[in-house]
Amino acid sequence: MSDIETIRDNYLAQIADADLAALEDIRVAALGKQGEISLLLKTLGKMTPEERQSEGPRINGARAAVADAITLRKEALEDAALAQKLAGEAIDLTLSAHDAPRGTIHPVSQVMDELAEIFADLGFAVATGPEIEDDWRNFTALNIPETHPARAMHDTFYFPDQDEQGREMLLRTHTSPVQIRTMMDVAKRSQGAGEPIRIIAPGRTYRSDSDATHTPMFHQVEGLVIDRDIHMGHLKWTLETFVRAFFERDDIELRMRPSYFPFTEPSAEVDVGFSVEKGKRIIGGDPYGANGGWMEILGSGMVHPKVIANCGLDPNEWQGFAFGCGIDRLAMLKYGMEDLRAFFDGDLRWSGHYGFGALDVPTLSGGVGA
Ligand code: PHE
């Protein structure tokens with residue numbers, strides 16, 4: 001019979017540097033059904049009681065020692081494996097996060113925010129109206145005659161059906177119907193007495209037009225000021241203050257040219273002076289200098305008394321000015337875009353380049369020095 005302690009120590013030595021697979025082989029070899037120590041235990045039955053008394057504890061002791069050693073080694077190996085796995089999976093909080101794609105603010109939205117900000121400093125509220133208008137508010141109330149070319153089907157998008165009042169429905173061709181809506185609201189609220197008005201109305205407008213400088217949908221901002229003693233001087237000062245704040249230059253000249261709109265009298269088209277600096281055309285500087293000149297930016301005038309009366313206000317008591325200005329054009333001039341059509345293509349490369357970050361604040365930190 002082999003020396004039981006030698007057998008035990010041999011297994012203990014193997015266990016000490018076994019991996020998990022080897023450990024299972026050792027367990028089978030020592031303690032399995034046909035294992036070396038199991039077979040030794042079976043020999044106890046054939047022993048004399050005296051032999052059994054001395055051999056029993058030795059063989060059982062060896063079995064327990066090997067079984068315990070296997071359990072401990074297994075636990076140690078499993079702990080180590082887990083520790084290694086955890087170390088490999090550790091979260092490194094100092095790593096930078098993936099750069100999630102970020103949207104941008106469209107230049108038209110940015111410019112609308114800037115307009116609202118500038119005019120808010122001058123005491124104007126923002127008014128809105130629907131893009132689907134009736135021909136009375138879009139044309140008739142604005143003193144636009146039935147024969148006016150703007151009413152033609154090839155200029156204006158009409159809907160096939162009329163509204164309940166029998167009015168033609170259309171996509172508004174300008175923001176001027178918001179003048180009508182605002183004055184009618186005031187007339188209603190004040191039961192015809194009237195009250196001062198100062199609003200701008202930015203929004204979408206539609207005309208049947210398409211080339212590099214015209215898109216069927218475009219944006220305008222309307223301005224309307226009504227009070228008892230408003231005159232053209234207020235109009236000029238307001239536009240000058242607006243244009244200088246918007247283009248962020250104090251040396252911008254304004255030129256008013258006599259013009260005609262059915263809903264203003266007198267009417268004026270307004271140009272801003274440009275000059276050339278370092279080979280680039282910029283709004284501002286001396287329009288009479290080399291390569292300088294004038295650029296039309298808006299239409300304006302004193303609200304026609306008939307329009308005021310059409311809204312239910314007394315034109316002998318209330319008067320004021322209105323203007324209408326293309327927003328897309330303002331954005332192109334300020335931020336240097338060349339093709340208007342690209343504004344509405346939805347190309348992410350374009351918006352990535354010309355768009356604004358969500359946290360960019362409008363540029364007027366100092367406000368309008370009014
Ligand atoms: N509605 C005019 C246009 O679209 C602009 C305008 C507005 C002119 C207000 C005078 C007063 O061309």
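User: Before we start, what counts as a helix or a strand here?

Analyst: Helices (H or I, at least four residues) and strands (E, at least two) are DSSP runs, and they are numbered from the N terminus. This is a predicted model, in which local features need pLDDT of at least 70 and side-chain atom pairs count only at pLDDT 80 or more, while totals for chains, interfaces and linings use all residues. Residues are numbered from 1 along each chain as its sequence is written, and side-chain values use heavy atoms, with hydrogens and water left out.

User: OK, where is Gln191, and is it buried or exposed?

Analyst: Gln191 is found in the loop between helix 7 (177–189) and strand 5 (197–206). With a relative accessible area of 77%, Gln191 is exposed, where exposed means over 50%, buried under 20% and partly exposed in between (1.4 Å probe, protein chains only). Gln191 also has a positive phi of about 50 degrees, although it is not a glycine.

User: Which other residue has a positive phi without being glycine?

Analyst: Asn291 does, with phi near 65 degrees. Asn291 sits in the loop between strand 9 and strand 10, and at 61% relative accessibility it counts as exposed.

User: What about Gly289, where does that one sit?

Analyst: Gly289 lies in the loop between strand 9 (280–283) and strand 10 (293–303), and at 27% relative accessibility it counts as partly exposed. Gly289 and Ser275 are 14 residues apart along the chain, and their C-alpha atoms are separated by 7.0 Å.

User: How many bridges join strand 2 to strand 4?

Analyst: There are 3 bridges between strand 2 and strand 4 (residues 168–171), which run antiparallel, and the partner of Asp134 in strand 4 is Met169.

User: Now helix 2, how far does it reach?

Analyst: Helix 2 (residues 20–31) has 12 residues and reaches 16 Å from its first C-alpha to its last, close to the 16 Å expected at 1.5 Å a residue, the expected span being 1.5 Å times one less than the number of residues. Its buried residues are Leu23, Ile26 and Ala30. They cover an arc of only 60 degrees around the axis, which puts them on the same side of helix 2; the arc is that of the directions from the helix axis to the C-beta atoms. On the other side of helix 2, Ala21 and Asp25 are exposed.

User: How many disulfides are there?

Analyst: A search of the whole structure finds 0 disulfides, a disulfide being a pair of cysteine sulfur atoms within 2.5 Å. Cys311 counts as buried at 5% relative accessibility, and Cys325 counts as buried at 1%.

User: Last one, which domains is the protein divided into?

Analyst: The division is into domain 1 (4–86) and domain 2 (107–356), with bounds that come from an automatic or database domain assignment. Taken over C-alpha atoms, the centres of domain 1 and domain 2 are separated by 95 Å.

Methods
Pairing = 2+ DSSP bridges.
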